[in-house]
Amino acid sequence: MKYAFYPGCVARGGTPELLVSANAVMDRLGIEREEIVSAACTGAGVLQERNQKLGDALNVRTFALAEKMGLPIMTICSTCQGVMSQANRRVLRDPEYLAEINEVLAEEGLEYKGTTVIKHFLWVLVEEIGIEELQKTFTKELSGLKFAPFYGCYIVRPSDALGFDEHPERQTSLETVIESTGAVAVENDGKTKCCGLPILLINQSNAIQMVSNHTGEAKDLGADAMVTPCPLCHLNLDGYQPKAAKRRPSGKIDLPILHLPQMLGLAMGMQPKELGLQRHIISTKEVIGKAAAAPAAVS
Amino acid sequence: MEQTLRVKRYDPENPGDAGYQEYNVEVTDTTTILDALLTIREEMDGTLSMRCSCRASICGSCAMRVDGQAKLVCKTRLNSVAPDGETITIDPLGNMPVIKDLVVEFKSFWDKTRAVEPFLKPEGIVPEAEYIASDDDMVHLVGVVNCIQCGACVSDCTVLEVDDSFLGPAALAKAYRFVKDPRDGHQKDRLEDLNKPSGVWDCTRCMQCVEVCPKDVDPMGRIMVLRDMAMEAGFNNTSGSRHTESFAKSVKKNGRLDEMKLAVDSMGKFNFPALIAEAPVGLRAIRKGKFPWKAHKSSEPDKVKQVFEKIEGNK
């Protein structure tokens, strides 16, 4: 199994612990990957609001680079997944539009034929590797831990761009993976809502209210941590939780926000440092302790 | 076969949480949720209140939440949400106060629609006959005119959930309809208003409105175009506009996003109070070793820049 790896900007920027933990976990799973080093940012929906064609062209360029490598794309960022899925759908539905974009790419000798598959690591786990194989890598059974899934927006909407018809299992993939570790997936209202990050720098009060609602809800439901496949959600839910806590009656939240690979790494018995768990604004100490005390996995 | 519906109840004469009531209804493969609710009201429990009229997804009266997501219930078959006969939960629309059971107060919806002046305001010489618009323009606008004002998008908007001052997806889609109408003479004034707080920049791009709209109006897509039009019209002094410009600039230069620069540029380089207010967040990030000191780059930033230049010229 080999992929054209697209880590996305935030894994190389504000959430370095995501890249570290993803690499460690993927090595353990034997997922081969070659990074698309020349790829541009997907635009994250922001470039698209200024010029959709520009955003689409940058993404189609990435698809063409992967096509040339002969590999499907794998990303570790929900937002990248969503933006790339939408761009791919637009060009595949409209051959004339694709031809216009290919004309732009021709300058560097690239052409997208429309064959690139784009899959988030979360989907690779449930569709390609399979839960059984995944569980073989676990040395701990995280029973007794409760994780609140938090998908964010781009990996669930718009649903018709994300292949849910063909892959209905994607809609509950995060709960499936959480439960595969032996932990409880805590059902929460916020799990497919917005984390607030896109307006953090525009209307901070609203963005922080969203953090307060979602992390507060999960905490009230007894979650030990929240688990997300989206580094942008992580940035806001972790980084702005201290401000968000002031809006709760208790003035406290203290809910660690784990990246998906970090949770898997804990089930694989990896050391907290290997997973970058010290690089969180909200302390992960308690959840690390509970994972360490968890019984050995029976496989 | 039998289908169970869990319906949220509320009686204004006995306020307080009335919770959910379960009804078992006899249904077939083609029964819609509205059919089932009408059966309940007419044959089982006359006290259940809801709105509906056309039963053909035209009037926009019967929007409500089905398993947490806003839908027109006349256009939703039971088996599309509960293929194995699972219990279906029905709630009133969100983000609007409940009057009784499944009926909500639309006042804020209409107030916001009114606020965008949803009528043509032509300028200049009055033509002898009618104002003319091209077929192409009108065909494009039909996509928005299709809005039946059912409130589904407003119900599930994640910004309205935290801030009821936001104009919201329905009113902003309506605004787009007039901004884009070639017969209107107040495009610039309209954009200036929409550029203000609670306007186009407060949308968080969560796509709930796109997902739930029963008429494919794509409210969020319209809001994105309004943002671009506002910037093109010269309304650039907002964090939103600076955010977009800084984002584009960094990708054009490095091929990738420079998060630090994005933060500083969006708040405004000289907006010292805002920057100082962010200092604790930055310090925490530095302490935890997650501060992005150095911008990362594509291995071929010049190739990325080339795509920018080919599409945008030297903008």
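A:Pro158 sits in a loop of chain A, between strand 5 (146-149) and helix 8 (173-180). Helices and strands here are DSSP runs numbered from the N terminus (H or I, at least four residues, for helices; E, at least two, for strands). The model is predicted, so local features need pLDDT of at least 70 and side-chain atom pairs pLDDT 80 or more, while totals for chains, interfaces and linings use all residues. Residues are numbered from 1 along each chain as its sequence is written, chains are lettered from A and ligands numbered from 1 in written order, and side-chain values use heavy atoms, without hydrogens and water.

**Backbone details in loops**

- The peptide bond between A:Arg157 and A:Pro158 is cis, with omega at about -10 degrees.
- In chain B, the loop between helix 1 (33-44) and strand 3 (63-66) contains B:Arg55.
- B:Arg55 has a phi near 60 degrees, which is a positive value in a residue other than glycine.

**Domains of chain A**

- Chain A is assigned domain 1 (2-120) and domain 2 (130-292), with bounds from an automatic or database assignment.
- The C-alpha centres of domain 1 and domain 2 of chain A are 24 Å apart.
- Domain 1 of chain A puts 27 residues into the contact, and domain 2 of chain A puts in 29 residues; contact means heavy atoms within 4.5 Å.
- About 2,400 Å² is buried between domain 1 and domain 2 of chain A, with 70% of that area from carbon and sulfur atoms. Buried area is the accessible area (1.4 Å probe) that two parts lose on being put together, summed over both.
- On the side of domain 1 of chain A, the residues that lose the most area to domain 2 of chain A are A:Glu17, A:Arg28 and A:Ser78, together 24% of what that side buries.

**Domains of chain B**

- Chain B has domain 1 (2-104), domain 2 (107-232) and domain 3 (239-314).
- Between domain 1 and domain 2 of chain B, the C-alpha centres are 29 Å apart.
- Their contact involves 15 residues of domain 1 of chain B and 17 residues of domain 2 of chain B.
- Domain 1 and domain 2 of chain B bury about 1,200 Å² between them, and carbon and sulfur atoms give 50% of it.
- Of the area that domain 1 of chain B buries against domain 2 of chain B, 41% comes from B:Ala70, B:Asn95 and B:Met96, more than from any other three residues.

**Helix contacts within chain A**

- Helix 1 (residues 16-29) and helix 12 (residues 260-267) of chain A have axes that come within 8 Å and cross at roughly 45 degrees. Axes are lines fitted to C-alpha atoms, for helices over the stretch in contact, and angles run from 0 to 180 degrees between N-to-C directions.
- In this contact, A:Glu17, A:Leu18, A:Ser21, A:Ala22 and A:Val25 of helix 1 of chain A face A:Pro261, A:Gln262, A:Leu264 and A:Gly265 of helix 12 of chain A.

**Helix contacts within chain B**

- The axes of helix 7 (residues 187-194) and helix 9 (residues 219-232) of chain B cross at roughly 110 degrees and come within 10 Å.
- B:Gln187, B:Leu191 and B:Leu194 of helix 7 of chain B meet B:Leu226, B:Met229 and B:Ala230 of helix 9 of chain B.

**Helix contacts between the chains**

- Helix 3 (residues 52-69) of chain A packs with helix 13 (residues 301-312) of chain B at an angle of about 145 degrees, and their axes are 10 Å apart.
- Residues of helix 3 of chain A in this contact include A:Leu54, A:Ala57 and A:Leu58, and those of helix 13 of chain B include B:Val304, B:Val307 and B:Phe308.
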